[in-house]
Amino acid sequence: MTSNTPSLDLVEFIETQILPKYAEFDRAHNMEHVTRVIRNSLELVRATGADVNMVYTIAAYHDLGMCGHRADHHMRGGKILAADARLKKWFSIEQIKIMKEAVEDHRASASRSPRSIYGKIVAEADRDIDPDRIIRRCIQFGLANYPEKSVEEHWARFKEHMASKYSKDGYIKLWIPNSPNAKRLNELRTIIEQPQQLREAFDRIFPEEAAISDTKSK
């Protein structure tokens, strides 16, 4: 029977050497985010028959590329994983290659399907489509990267991003059949299709996140 618990020594390494790096990233890609992606990934292990240690490691490394530009963070993250010689304690060269490709393939805007089940798992886990959380993370990213924008400019960026990524014509794709994300994506699309409802959600969450952002910048 497939286990969904990674080895204890691997967990210790990841928790002490890898996860703390997420404290350096913006609030949309922080420790809370990577922990959630790990949890979501592990929940897909039994359904897919994937190797739990590989799944766990991919999820832990998937956003390490945020140490540079966001646009190519997935490619940078794959290189970081592949270059980490410490992983040879647990994985073969071929397994590390598969994990590198999975990190490279996790980005929502990717034009092609992930090359393995491991890429599909982390891509699906990274979606974590909860309407309120998605809206909040989009606002967090805007505040962290465009602090000079006015509220209305943030709204314009937010609205454009939500439509281009999550609407029925958006680029996001789900790779695991019948995952919980499918139902929640439909809920989010219903909000996007109703501009007043989307604006109400923005107006409710933006002041909260702006206040936190102001506090952190002082």
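Domain bounds here come from an automatic or database domain assignment.

I am working with a predicted model, in which local features need pLDDT of at least 70, side-chain atom pairs count only at pLDDT 80 or more, and totals for chains, interfaces and linings use all residues. Residues are numbered from 1 along each chain as its sequence is written, and side-chain values use heavy atoms, with hydrogens and water left out. I found the protein divided into domain 1 (8–127) and domain 2 (131–217). The contact (heavy atoms within 4.5 Å) takes 20 residues from domain 1 and 18 residues from domain 2. I noted 23 Å between the centres of the two domains, taken over C-alpha atoms.

I looked up its lining, which includes Asn40, Glu124, Asp128, Ser179 and Arg184. A pocket is an open set of points on a 1 Å grid over the protein atoms alone, where a 1.4 Å probe fits, with protein on both sides within 12 Å along at least five of seven lines, and lining residues have an atom within 4 Å of a point. Because domain 1 (8–127) and domain 2 (131–217) both give residues to this lining, the second largest pocket lies between them. I recorded 3 nonpolar, 3 polar and 4 charged residues in the lining, where nonpolar means Ala, Val, Leu, Ile, Met, Phe, Trp, Tyr, Cys and Pro, charged means Asp, Glu, Lys and Arg, and polar means the others, Gly among them.

**Entry 3, lining by helix.** I saw that α10 gives the largest share of the lining of the second largest pocket, 3 residues, with helices taken as DSSP runs (H or I, at least four residues) numbered from the N terminus.

Notes
Helices (H or I, at least four residues) and strands (E, at least two) are DSSP runs, numbered from the N terminus.
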